[in-house]
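Student: I am new to this structure and would like to understand the words used to describe it. Could we go through them together?

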Amino acid sequence: MARPKAKELTARELEIMHVFWERSGTEATTELTVAEVRDALEQAGRELAYTTVATLVRILVEKSFLKQTNDGRPFLYCSIRTFDEVSGSMLGDMIQKVFGGSREKLLLRLLEERQLSPRELEKIKEILKEKS
């Protein structure tokens, strides 16, 4: 019996999505071929076979994270979901699963993890001022 498709991203799928998000920059969408994605991963020090990247891209299309934008070869793909959308969803899931839905517990854990830099501390203060 086939395993049901997971809606969450695996670590490798997330690597692929980061290529699309990093290449998009300020543009709404950037179209990339599988070879371009593989090359970007290789430049970042992650060597994967072309067939592996092609399989991951196909899975991301099936999960509705990417879409194919043309009919001719080489196929072009672009991201359907933004980094903010995906990271927000993943963070929400983690807060629910790991911290029982408590953002306070997450924040305390983050602050206990390591010493904040002066820049990080200043940024947190700015965010808290805006939220209050």
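Tutor: Gladly; we will take each term in turn and set the values against its definition. This is a predicted model, in which local features need pLDDT of at least 70 and side-chain atom pairs count only at pLDDT 80 or more, while totals for chains, interfaces and linings use all residues. Residues are numbered from 1 along each chain as its sequence is written, and side-chain values use heavy atoms, with hydrogens and water left out.

Student: Why is methionine 17 called buried?

Tutor: Buried means under 20% relative accessible area, exposed means over 50%, and partly exposed is in between (1.4 Å probe, protein chains only). Methionine 17 has 0% relative accessibility, so it counts as buried. Its place is in helix α1, which spans 11–24. Helices are DSSP runs of H or I with at least four residues, strands are runs of E with at least two, and both are numbered from the N terminus.

Student: Which residues is methionine 17 in contact with, leaving aside its neighbours within four places in sequence?

Tutor: Contact means heavy atoms within 4.5 Å. By that rule methionine 17 is in contact with Leu9, Leu60, Phe65, Leu66, Ser79 and Arg81.

Student: What makes serine 79 count as buried?

Tutor: Its relative accessibility is 13%, so serine 79 counts as buried. Serine 79 is in strand β2, and not counting residues up to four places away in sequence, it touches Met17, Phe20, Trp21, Thr29, Phe65 and Leu66. Serine 79 and threonine 30 are 49 residues apart in sequence, while their C-alpha atoms are 7.5 Å apart in space.

Student: Why does serine 64 count as partly exposed?

Tutor: Serine 64 has 42% relative accessibility, so it counts as partly exposed. This residue is in the loop between α3 (50–62) and β1. Serine 64 also has a positive phi of about 65° although it is not a glycine.

Student: And what makes aspartate 93 partly exposed?

Tutor: The relative accessible area of aspartate 93 is 33%, so it is partly exposed. Aspartate 93 is found in helix α4, residues 83–99. From C-alpha to C-alpha, aspartate 93 and glutamate 42 are 30 Å apart in space, and in sequence they are 51 residues apart.

Student: How do you know that the buried residues of α2 are on the same side?

Tutor: In helix α2 (residues 34–43), the buried residues are Val34, Val37, Ala40 and Leu41. They cover an arc of only 125° around the axis, so they are on the same side of α2. The arc is that of the directions from the helix axis to the C-beta atoms. These buried residues pack against α1, α3 and β2. After α2 comes glycine 45, with a positive phi near 90°.

Student: Why is α2 called roughly perpendicular to α3?

Tutor: Two packed helices are described by the angle between their axes and the distance between the axes. Axes are lines fitted to C-alpha atoms, for helices over the stretch in contact, and angles run from 0 to 180 degrees between N-to-C directions. Angles under 35 degrees count as roughly parallel, over 145 as roughly antiparallel, 65 to 115 as roughly perpendicular and the rest as oblique. The axes of α2 and α3 come within 9 Å and cross at roughly 115°. That makes α2 roughly perpendicular to α3.

Student: Which residues of α2 and α3 meet there?

Tutor: Val34, Ala35, Val37, Arg38 and Leu41 in α2 meet Tyr50, Val53, Ala54 and Val57 in α3. By class, this contact has 8 nonpolar, no polar and 1 charged residues. Here Ala, Val, Leu, Ile, Met, Phe, Trp, Tyr, Cys and Pro count as nonpolar, Asp, Glu, Lys and Arg as charged, and the others, Gly among them, as polar.

Student: What makes α1 and α2 roughly perpendicular?

Tutor: Their axes come within 10 Å and cross at roughly 95°. α1 and α2 are therefore roughly perpendicular to each other. The contact of α1 with α2 has 6 nonpolar, 1 polar and 2 charged residues.

Student: Where is proline 74, and what kind of peptide bond joins it to arginine 73?

Tutor: Proline 74 lies in the loop between β1 (66–68) and β2 (77–79). The bond joining arginine 73 and proline 74 is a cis peptide bond, with omega about -5°.
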